[in-house]
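I opened this notebook page to record what I looked up, entry by entry, with the sequence and the model side by side.

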Amino acid sequence: MSGSWRITSLRGGRGTASCTDDQRPFRVATALTEPLLVGRALTVDLGPAHDRTSVITGLDFSLAAGRTLGVVGESGCGKSMTALAIMGLAPSPHRIGGVLRFAGQDLLTMPQDRRRQLRGADMAMIFQEPMTALNPVVPVGVQIGEMLIVHDNASETAASRAAVALLERVGIADPARRASAYPHELSGGMRQRVMIAMAIACKPRLLIADEPTTALDVSVQAQILDLLLELQRDTGMAMVFISHNLGVVSAVADDIMVMYAGRAVETGPAQRVLTAPAHPYTAGLIATLPDIGRRQKILPVIEGSPVNPRNRPPGCAFAPRCPLVIAECRTGLPAMVIVSPGQEAACIRCTA
Amino acid sequence: MGRFLLGRITGAGIVLLLKSFVIFALIGLMPGDPLDLMMNANPETTPEQMAHLRAMYGVDLPITQRYWTWLVAALQGDFGYSRIQHRPVLDIIIPALGNTLILTGAAFVLSTTLAVTLGTIAALKRGTWIDRIINLFAFAGISVPSFWLGLLMIYLFAVRLGWLPAGGMPRPEQGYGGMLAHLAMPVMTLVIVETGGLARYARAAMIEVLSQDYIRTARAKGLTDRRMLVRHALRNALIPVLTLVALQLGGLFSGAALTEAMFAWRGMGRLILEAILGNDYNLALVCLMFVTATILIANICADIAYTWLDPRISLGKRRR
Ligand SMILES: Nc1ncnc2c1ncn2[C@@H]1O[C@H](COP(=O)(O)OP(=O)(O)O)[C@@H](O)[C@H]1O
Ligand code: SF4
Ligand SMILES: [Mg+2]
C-alpha cells in the first residue's frame with residue numbers, strides 16, 4: 001500500500017517531556033518510580049470458557065510519558081487486540097491474564113466504572129478507518145464536544161466552543177463551519193483529524209493509534225503523522241503507535257515491539273531494531289521495505305503466510321517461514337534473550 | 001426542503017388522480033349499475049323508460065366521460081351523495097376518518113414505542129433468558145389471528161370481568177374516560193398483532209448497530225452505556241425501523257378494518273365494507289380515495305422523518 005516510507009527520521013534519544021499538569025480531581029496519581037504503561041506476561045484469550053482461543057501470549061512492554069512505542073507485525077498478529085486489551089475493550093467473552101498497569105494503577109482489577117472514566121479522559125484511542133469510526137448521524141463537533149460533557153462536566157455551549165477550538169488545533173480550516181458537518185461531508189484526512197481532535201479533547205496521558213494512516217492517501221499519511229508528533233511534543237502524552245508497516249512505525253517510534261502470532265519476537269530502541277535486527281522476522285520486515293538495503297527489482301515479501309494464533313506450531317512460530325530454521329527451532333519455544341542493551345529477541349540462533 | 005415538499009405533494013396528487021380513475025373504472029366493472037338497483041324495486045319499468053333514465057343520468061356515457069364529470073365536481077369539493085344514507089358523502093366520511101385516525105394513530109404510536117423498546121432490550125441482552133422471553137412474545141403476537149384475540153378480549157374484559165365495553169363508540173357525554181374505555185380493546189388488539197414483527201426487526205437493527213465501529217469508538221470515549229445507547233445507537237437503529245414502518249403504513253389501515261368491524265368502531269374500514277356490500281358506489285369510491293390520500297400523506301411524513309434521522313439522505317438539495 002504505502003510503499004514510499006523510508007526510515008529517515010529516527011527519533012531515538014529524545015528526552016522525556018514533562019506531562020502537562022491537570023486539575024481534574026479524578027486524575028490518577030502517578031507513581032514516580034513506574035512507567036506510565038506496563039504490561040507483564042499479558043495474555044488475551046477470546047471466546048467462551050469451553051472454546052477459548054489465545055490471541056495474545058506473554059506480552060511484556062512498558063512505556064514512559066512522552067515516549068512512543070511502535071508495535072509492528074503482519075495483519076492478524078494481535079496488534080489491535082493488544083490495544084483493545086489496554087483500553088479495556090477486548091471483545092466479550094474474554095479472559096485477560098498477566099499484569100496491566102497504567103499510571104500506577106492495576107487496570108485488570110479496577111472496577112468497571114473507574115475503567116470507563118479512564119477511557120477517553122486518560123487513555124484515548126484512534127482507529128484505522130475514520131469513516132466507520134465516526135457516528136454517521138451526529139455532527140462531528142457534537143462527537144468531539146461530548147468528551148468534555150462526559151469527562152469534564154462541561155455545558156453544551158462550552159463543549160461546542162471547545163470542539164471548534166480542537167478542530168482548529170488539529171489543523172482543520174474554517175473549524176466553526178466544519179463542526180456542524182457530518183462525517184460523510186469530510187475527506188478521509190479531515191475525518192482522521194476529527195478522530196484525533198476527539199482523542200486529545202481531554203488531554204489524555206496515553207494515546208493509542210491503531211493503524212491511523214493505513215486507510216489514507218499517501219500524501220495525507222505524512223500530514224497525520226506530523227500532526228500526531230506535534231501534539232505529542234506539545235502535550236507530553238505517551239503514544240502506542242500500531243502499524244503493519246515498519247516504515248511508518250520507524251518515523252514515529254522511540255521503541256519498537258515486533259509481534260508475530262500473538263507474541264513479541266523482538267523489542268528494543270527503534271534505532272537498534274531497525275539497523276541491527278536480531279530476529280529473522282524483523283530482518284525480513286526490514287528487507288521488504290523499499291529503498292532499504294540492496295536494490296531489488298521485485299519488492300521482496302517474506303515467504304509464506306503468517307500463522308493463526310489459533311494453531312500455533314510447537315516451538316518457534318516463525319519456523320515454517322524462517323530462512324535460518326534448524327531442527328531445534330521446532331522443539332522448544334525460544335525465550336526472549338538480551339542481544340544488546342535494551343534490545344531483546346526470541347530466537348534460539350541469535351546470541352549477544 | 002420547500003422544493004422537496006412541493007415535489008412530493010405534486011407526486012402524491014398525481015398518484016391520487018391515477019388511483020381515482022382506476023377505482024372509478026373498477027367500480028364500473030361491478031355487476032349492475034345504479035339504475036338497475038334503483039329499478040329492481042319497481043318491476044313495472046319498461047325498457048324504454050330505462051333507456052330514457054340512463055340517458056338522463058348519463059349512465060350510458062363512456063367511462064372516460066363519466067369520470068371527467070365526476071372529477072370536475074370532486075375538484076370543486078362536490079363529492080356527491082351516498083345512495084343509501086342520502087347524505088353528502090363528506091358528511092359521512094369526515095367523522096369516520098377521524099375515528100380511524102384515533103384508533104390507528106394510538107395503536108401506531110404504542111406499538112412502535114413498545115417494539116423499539118423491546119427490540120433494544122432484546123439486542124442488549126442477546127442470548128439471555130430476557131431475549132428469549134421477548135422473542136417468545138413477539139412470535140405469539142405475530143402468529144395470533146386478530147379476530148381470535150379480539151373475541152378472547154371481549155369475552156374476558158367485557159363479558160367475564162365487565163371492565164370494558166364490548167364495542168361501539170363512546171357517547172360525547174362520557175368524555176375522555178369513555179373514549180379510553182372504548183379504545184382500549186381495539187387498540188390492544190392492533191398493538192399485540194403489530195408489535196411482534198417490528199420488535200424482531202428492531203432487535204436485528206440494534207444488534208447490527210451495536211457491532212459497528214462507531215459504537216466501539218463511543219466505548220473508547222468512555223461514554224456511559226446509557227449515553228452510548230441513546231445518543232449513538234438508537235438513532236442509527238431507528239433508520240431501518242422507520243423504513244419498515246413506512247412500508248407498513250398501508251397495512252395499518254387494512255389491518256384496522258377487521259378490528260373496527262369486530263369492535264363496532266365507526267371508522268373507515270367499516271364504512272368501506274358497508275358501502276361495497278350496499279352497492280353505494282360513490283361512497284365506496286370517495287372512501288377509498290381518502291384512505292389513499294391519508295397513506296400518501298403519512299408516507300411524506302415518513303420521508304421527512306427519514307431525512308431528519310439520516311443526514312446522508314438529502315432532500316433533493318444538500319442540507320447545509
Ligand atoms: N472477536 C474475535 N474473536 C476471536 N478472535 C478474534 C476476534 N477478533 C480478532 N480475533 C483474532 O485475534 C487475532 C489478532 O487479531 P488483531 O489483533 O485484530 O490483529 P492485527 O490488529 O494485528 O491485524 C487474529 O488472529 C484474529 O483472527
Ligand atoms: S528460533 Fe529458529 S525458526 Fe525461529 S526465528 Fe530463530 S532461527 Fe528462525
Ligand atoms: Mg488491526
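Which residues are the closest to ligand 2, and how many surround it? I found that 13 residues surround ligand 2, with A:Cys316, A:Ala319, A:Cys322, A:Cys329 and A:Cys347 the closest; a residue is near a molecule if one of its heavy atoms lies within 4 Å of it.

Before going on I noted the ground rules: this is a predicted model, in which local features need pLDDT of at least 70 and side-chain atom pairs count only at pLDDT 80 or more, while totals for chains, interfaces and linings use all residues. Residues are numbered from 1 along each chain as its sequence is written, chains are lettered from A and ligands numbered from 1 in the order in which they are written, and side-chain values use heavy atoms, with hydrogens and water left out.

**Ligand 2 and the largest cavity**

I sorted the shell around ligand 2 by class and got eleven nonpolar residues, one polar and one charged (Ala, Val, Leu, Ile, Met, Phe, Trp, Tyr, Cys and Pro count as nonpolar, Asp, Glu, Lys and Arg as charged, and the others, Gly among them, as polar). I then looked up where the ligand is placed, and ligand 2 sits in the largest cavity, meaning that more than half of its atoms lie within 2 Å of the cavity's grid points. A cavity here is a set of points, on a 1 Å grid over the protein atoms alone, where a 1.4 Å probe fits but cannot get out, and its lining residues have an atom within 4 Å of a point. The largest cavity holds about 70 Å³ of space, where volume is the space filled by probe spheres set on points joined across faces, edges and corners. Its lining has 13 residues, and A:Pro280, A:Cys316, A:Cys322, A:Cys329 and A:Cys347 lie nearest the centre.

**The second largest cavity**

Two or more lining residues come from each of strand E6 (123-126) and helix H7 (188-200) of chain A and helix H9 (213-220) of chain B; helices (H or I, at least four residues) and strands (E, at least two) are DSSP runs, numbered from the N terminus.

**Backbone entries**

I kept in mind that most residues other than glycine have a negative phi, and most peptide bonds are trans. The bond from A:Ser92 to A:Pro93 is cis, with omega near -5°, and A:Pro93 lies in the loop between helix H1 (79-87) and strand E4 (94-102) of chain A. A:Lys203 has a positive phi near 50° and lies in the loop between H7 and strand E7 (206-210) of chain A.

**Chain B**

I counted twelve helices and zero strands in chain B. Of its 320 residues, 41% count as buried (under 20% relative accessible area, with exposed over 50% and partly exposed in between, for a 1.4 Å probe and protein chains only). B:Met185, in helix H8 (residues 175-210), is buried, with a relative accessible area of 1%. Leaving aside neighbours within four places in sequence, B:Met185 has contacts (heavy atoms within 4.5 Å) that include B:Met153, B:Phe157, B:Leu164 and B:Phe263.

Terms used:
On a 1 Å grid over the protein atoms alone, a cavity is a set of points where a 1.4 Å probe fits but cannot get out, and a pocket is an open set with protein on both sides within 12 Å along at least five of seven lines; lining residues have an atom within 4 Å of a point.
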